[in-house]
Amino acid sequence: MTPSLRLRAAIVSIVLLAAFLGIWHLATRSTAPVATMSPEYAKLMGLTATQGKSAMPGPLDVGAKLWEHFKRPFYDNGPNDKGLGIQLAYSIARVGTGYLLAVLVAIPLGFLIGMSPLLSKALDPFIQVLKPISPLAWMPLALYTIKDSSVSAIFVIFICSIWPMLLNTVFGVASVRKEWINVARTLEVGTVRRAFTVILPAAAPTILTGMRISIGIAWLVIVAAEMLVGGTGIGYFVWNEWNNLSITNVIIAILLIGIVGMLLDQILARFTRMVTFPE
Amino acid sequence: MSTFDDPFDADRNLRSGCVCGRHRSASEHEQAALRCEPVESVEKRYEGVVASAVMRTMFPQDAARRAFLKSVGASTALAAVSQFFPLKTATEVFAETGSPEKKDLKVGFIPITCATPIIMAAPMGFYAKHGLNVEVVKTAGWAVIRDKTINKEYDAAHMLAPMPIAISLGLGANAIPFAVPAIENINGQGIVLATKHKDKRDPKDWKGLKFAIPFDYSMHNYLLRYYLAEHGLDPDTDVQLRSVPPPEMVANLRADNIDGFLAPDNICQRAIYDGVGFMHLLSKEIWDGHPCCSFAASREFITSAPNSFAALTRAIVDATAYASKAENRKQIAEAIAPANYINAPVTVLEQVLTGTYADGLGGVKTDAKRVDFDPFPWQSFAVWMLTQMKRWGQIKGEVDYKAVAEQVYLATDTGKLMTEMGLAPPASPYKSFAVMGKTFDPAKPDEYVASFKIRKQS
């Protein structure tokens with residue numbers, strides 16, 4: 001990318017953002033007509049009813065609230081009310097645990113399956129059936145059998161993020177170019193050595209692509225899981241604020257979920273670039 | 001003389017006595033057996049027990065005690081002894097039953113005003129007062145709170161009044177014996193309709209509408225069905241009933257996905273506060289004094305930690321008694337409104353708890369009993385719920401109404417605790433009441449079920 005292109009892209013991005021914020025502001029500023037009511041009655045009602053204020057917050061409301069959260073991200077008012085920083089840390093820790101467990105299982109298993117055409121054909125239908133199951137569908141089953149909600153949340157992340165990694169590992173290992181394996185064979189390289197020095201480097205980009213898809217899924221799952229299980233985490237924060245019909249806080253949470261998801265994806269993208277090789 | 005007698009009576013012997021402890025000898029007891037009256041209150045009796053113990057320690061020789069009392073008089077002696085030995089404190093310590101086996105407890109709740117006693121007991125110190133360190137944990141929905149309590153993540157929890165019965169019977173879950181030591185609140189629900197239906201106040205015009213209820217095993221479900229059926233609508237065929245978690249009800253009403261709901265409060269008032277609905281009817285007008293939510297624990301917890309359970313029940317009963325007083329309601333609304341607890345505007349909670357509320361149609365109404373608090377777990381409530389479970393086909397086959405009610409609703413134990421706390425529990429755990437003018441006799445549940453024209457045919 002040439003510098004001028006980068007600059008132009010940045011300008012277009014900023015213009016788009018400004019346009020979006022502007023439309024948002026205009027759309028939520030308008031007030032609906034309100035019925036006249038006695039002051040005594042009005043005192044008991046919310047702003048939507050008394051002033052016809054839009055139920056949707058504008059960008060300024062969200063900005064002000066966001067600043068409030070940034071000023072004290074780590075407060076702790078008891079088990080049901082913690083700062084956004086703490087909530088995000090809980091979510092990231094859960095995602096990290098579930099995801100690492102998935103990596104530890106998926107990659108060795110994928111290797112074994114990929115090296116054996118028989119196994120890879122035999123297990124394929126199971127993987128295909130298990131892959132599209134939603135995290136919310138796993139949750140009741142996990143809660144019922146594991147009998148611990150925080151372990152259940154981690155299990156759900158594990159079970160949802162394992163499939164793309166497994167499939168990509170299998171695919172990567174199975175599609176290593178035959179010539180390279182044959183060369184290794186001619187040189188009488190042992191199976192273990194062949195796996196680590198020939199197949200692993202050759203399959204690494206595909207495996208990492210699978211890992212990158214998986215981290216995205218893990219982050220998608222955590223919000224749903226925490227909304228259900230509750231207690232801590234960014235998903236719980238969304239649920240708790242929804243409970244209070246505080247759309248402002250829900251929008252802030254959406255924004256933060258997006259940013260953290262992007263960062264996680266970027267980290268994996270960097271790793272992928274490190275192992276990519278030109279053919 | 002024994003533990004329950006007056007140690008400041010010079011004419012009494014502290015060492016020997018009769019079986020009941022109120023006579024000097026066994027023979028005297030025999031003669032007076034019929035006149036033997038109980039001590040006025042448990043507290044008085046404890047005071048006697050403690051004082052006896054103190055006097056016995058001070059005067060190992062009974063003759064010396066009598067001589068001392070004769071020379072100074074009983075009241076002076078009592079005052080003198082109280083001077084250097086705090087009889088009151090000693091009595092209080094004695095009255096506390098064994099110390100709790102487990103002090104750090106977790107109690108789950110759903111953020112609605114029904115949970116008021118459970119929630120307020122944390123910030124207002126009722127748990128601490130009874131020697132417990134309780135963490136109240138907000139939970140996402142009724143099914144989750146059920147699973148977490150069954151999984152022992154929670155020691156006890158806030159449940160809809162029929163839930164412990166359903167769990168004990170194995171409806172919608174594995175059968176696990178649960179028990180209810182206290183009712184959280186009575187009344188405190190309402191039927192809210194979307195503002196566009198403000199001219200459709202007659203339930204006969206409600207054919208085809210969609211209503212939300214919080215859970216299948218809820219008083220809300222049974223009351224809404226009862227109300228609709230009394231107006232000639234079959235709730236299974238004429239309207240749609242959907243199980244929707246309370247917080248989602250307001251959003252769904254705004255989005256026009258439902259036409260109304262019978263929900264627990266602060267949700268009803270919240271819909272009005274946000275200008276999306278109006279209060280059609282308070283549940284109080286269907287059945288004044290109906291139970292709504294309960295405080296529940298598994299039998300396993302009760303047997304493994306009986307003292308913790310007793311202390312927990314005492315804290316809840318104590319908090320409920322405090323909440324039942326109208327003058328405390330404003331203070332409670334402020335205590336439970338923060339994000340850590342219910343997470344709702346204080347105005348909304350105040351309107352629910354004080355009973356002076358906006359009805360959503362431009363009027364301000366007052367009903368001090370809109371929500372009320374009375375912990376006693378009437379077994380007749382449980383019998384009524386069972387009749388409705390039967391009526392709507394949740395229970396198939398025969399039910400032993402009384403046995404289930406007595407197993408789940410711990411009226412006797414709670415009655416005992418309430419007496420110990422100086423409260424007056426009712427004499428019988430069964431009472432008759434009227435639902436929309438129709439009297440319910442807990443002794444004849446089967447006849448009651450059969451008397452309804454609209455019910456699920458089994």
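Modeller: Happy to! Let's start from a pair of residues: B:Ala157, in strand 3 of chain B, is the bridge partner of B:Gly108. Please keep in mind that this is a predicted model. Strand 3 (residues 156-160) and strand 1 (residues 104-109) of chain B run parallel and are joined by two bridges.

Now to another partner. With strand 11 of chain B, strand 3 of chain B pairs in the antiparallel sense, over four bridges. Here B:Met159 has B:Ser294 in strand 11 of chain B as its bridge partner. As background, strands of a sheet pair through backbone hydrogen bonds, either parallel or antiparallel.

Stepping back, these strands belong to an open sheet of five in chain B, with the order 2-1-3-11-4 and mixed pairing. Strand 2 and strand 4 (178-183) of chain B stand at the edges with a single partner strand each, so one side of each has no neighbour in the sheet. On average, neighbouring strands of this sheet are turned by 30° against each other, direction ignored.

What about the faces of strand 3 of chain B? Both are covered: B:Ala156, B:His158 and B:Leu160 are buried on one side, and B:Ala157 and B:Met159 are buried on the other. That makes five of its five residues buried. Helix 14 (residues 306-323) of chain B lies across strand 3, and also across strands 1, 4 and 11 of chain B. This helix runs at about 30° to strand 4 of chain B.

Key
Residues numbered from 1 in each chain as written. Chains lettered and ligands numbered in written order. Predicted model: local features only at pLDDT ≥ 70, side-chain atom pairs only at ≥ 80, totals over all residues. Pairing = 2+ DSSP bridges. Axes fitted to C-alpha atoms, helices over the stretch in contact; angles between N-to-C directions. Contact = placed C-beta atoms within 7 Å. Buried ≥ 20, exposed ≤ 12 C-beta atoms within 10 Å, placed from the backbone.
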